[in-house]
Amino acid sequence: MDARQVFEILVREHADMLWAYLRAGVRDANAVDDLFQETLLTAWRRLADFDRLRPFGPWLRGIAGRLVLAHYRQQARQAEAISPAALEWLESRFAQLQRLDGDTFAEKLAALRACVDALPASFHAPVHLKYFEALGLEETGRTLGLALETVKKRLFRARAKLADCLERKLLALRSSA
């Protein structure tokens, strides 16, 4: 198998997670498409720099993270920009997700969707508006008629519930395999 074939296999394995990572950091769908392509081109050009003893996903997301920061610098939209600390946090969450049981990202995503659907309404609505509709915290609060601090607390608690649910679902998935 040559380098191109290995690269294609690795990209197929990590493409969904890369899309999710980029979408979490950038709201503009067209920019996400461009950043996805640019990440893959950069990874291909720098494939010789990849340490084969390390996982491919974090390396690929590292490239994507640097491109996201460059994107925001070019756009000079500091109000919407994502901070390097937020990207580090996002990477840690994706790395954590990657370590969970479940053979594919699609299985993990399906489990997450089931967990989101199972949230009580008081948690589901803020999660849906913030993460699916990409509203800001203040706009989410206005839409739901909630104070900003209430929105923050509900999202914090919802993320904790989702993490627990996801871990249980993926453990069950692995046990049934």
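Colleague: Does Thr42 count as buried or exposed, and at what relative accessibility?

Modeller: First, the basis: this is a predicted model, in which local features need pLDDT of at least 70 and side-chain atom pairs count only at pLDDT 80 or more, while totals for chains, interfaces and linings use all residues. Residues are numbered from 1 along each chain as its sequence is written, and side-chain values use heavy atoms, with hydrogens and water left out. Buried means under 20% relative accessible area, exposed over 50%, and partly exposed in between (1.4 Å probe, protein chains only). Thr42 has 15% relative accessibility and therefore counts as buried. Thr42 belongs to helix H2 (residues 29–45); helices are DSSP runs of H or I with at least four residues, numbered from the N terminus.

Colleague: Which residues is Thr42 in contact with, leaving aside its neighbours within four places in sequence?

Modeller: Contact means heavy atoms within 4.5 Å. On that basis, Thr42 touches Ile63 and Leu67.

Colleague: How is the packing of helices H6 and H7 described?

Modeller: Two packed helices are described by the angle between their axes and the distance between the axes. Axes are lines fitted to C-alpha atoms, for helices over the stretch in contact, and angles run from 0 to 180 degrees between N-to-C directions. Here H6 (residues 121–132) and H7 (residues 137–144) pack at about 135°, with axes 9 Å apart. H6 is therefore oblique to H7; angles under 35 degrees count as roughly parallel, over 145 as roughly antiparallel, 65 to 115 as roughly perpendicular and the rest as oblique.

Colleague: Which residues make that contact?

Modeller: H6 contributes Ala125, Pro126, Leu129 and Lys130, and H7 contributes Leu137, Thr140, Thr143 and Leu144. Within H6, the buried residues include Pro126 and Leu129, together with Phe123 and Val127. Just after H6, Ala134 adopts a positive phi of about 60°.

Colleague: How many salt bridges does the structure hold?

Modeller: A salt bridge is a side-chain nitrogen of Lys or Arg within 4 Å of a carboxyl oxygen of Asp or Glu. The structure holds two. Arg46 pairs with Asp49, their closest N and O atoms being 3.2 Å apart; Arg46 is partly exposed at 32% relative accessibility. Lys152 pairs with Glu149 at 3.4 Å, N to O.

Definitions and conventions: Helix = DSSP H or I, 4+ residues; strand = E, 2+ residues; numbered from the N terminus.
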